[in-house]
Amino acid sequence: MRNWNFVNIASIVPFLTQLLGLTGYCLVPEFCESRGREWIIAVMPRVRLAACPRCGSSKLKLNGVITRTVRHVPVGSKHTRLKIIMPRMLCMAEKCGKSSTPSLPGVSSGGSITNDLAAVFLGLYASRQTFAEIALHTGASPSTVARWIQRLITALDAARPKILPPTIGIDEICMHDGADGLWTVMTDLETGDTIDVLPATNQDELEKFIRRQDDISQVTGISSDGAQHFIDFARKNFPHAVRTRDRFHIITDLLEALQRTRREAEKHKKMEMDTSNTDSDADADSDGDEEAI
Ligand SMILES: [Zn+2]
């Protein structure tokens, strides 16, 4: 472990600034260091608090510093951590006296990585790298990578406008044994894509699904099985849509009807045969009678 001297840092500052893309920070060269495969880059937010976030007073006094370490995009072949030195400001207003620190540019609150690194995770994930590979490249642990990718995908999904397709299918699916094992699956009938999976089949859950949508006006058709709660849901939320039974149930209904017709035809045939047998017996009797006459 060795500290960089000022001359070394000064010679690579343009290089670092370009690579790190640290808008909102300035370097603190005397605290930067190189540790094996890792850089520790000391930075400080450029902007200090102008007013107390609690009372709004501008009477602030520097009251020490707080250091936070977050992971950043690797520089060259080295993993990189930012040692962020945040000035702590004490409010001098009467009845306040609270200390505050500025929020960090480029780091989400409570985050242990910069937003830039989060974007790198997502890029590598999109290029089909595994969590372990991404971890190896970036110096984060595989569980950190997994957690952040999950978080980013959830955020991207939340930002995407929720517009229901023209035709949707709604059905139950058994996820596991037990009373709460039945879930609801919503599908786009044109593409076959799953729109959503709801952890229950009751009206509450279905209504929550509707509230999550930005636009449901495009739905012109909805198909489901004969379950009354699905029919009620469709009637209430899509009164102008065409409601149909799903393909599976149409086929099972047709097969049942076919079976019923076949059984009836068989019964009919049997009855006819029985009748004709009785008739021929009767004929035989009458023949006998005729003979007797
Ligand atoms: Zn204050």
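How many helices and strands make up the secondary structure of the protein chain? There are 7 helices and 12 strands, taken as DSSP runs numbered from the N terminus, with helices being H or I of at least four residues and strands being E of at least two. Keep in mind that this is a predicted model, in which local features need pLDDT of at least 70 and side-chain atom pairs count only at pLDDT 80 or more, while totals for chains, interfaces and linings use all residues. Residues are numbered from 1 along each chain as its sequence is written.

Let's turn to the open sheet. Five strands form it in the order β10-β9-β8-β11-β12, with mixed pairing; two strands pair if DSSP finds at least two bridges between them. At the edges sit β10 (194–198) and β12 (242–245), each pairing on one side only. On average, neighbouring strands here are turned by 20 degrees against each other, direction ignored.

Now follow β11 (residues 221–224), which pairs with β12 in the parallel sense over 4 bridges. Ile-222 stands opposite Arg-243 in β12. Helix α6 (residues 228–237) lies across β8 (167–174), β11 and β12, and runs at about 170 degrees to β11. Such angles run from 0 to 180 degrees between N-to-C directions, with axes fitted to C-alpha atoms, for helices over the stretch in contact; contact needs C-beta atoms, placed from the backbone, within 7 Å.

Finally, visit two loops. Lys-95, between β6 (78–91) and β7 (99–100), has a positive phi of about 65 degrees although it is not a glycine. Arg-128, between α2 (115–126) and α3 (131–138), has a positive phi near 70 degrees.

Definitions and conventions:
Contact = placed C-beta atoms within 7 Å.
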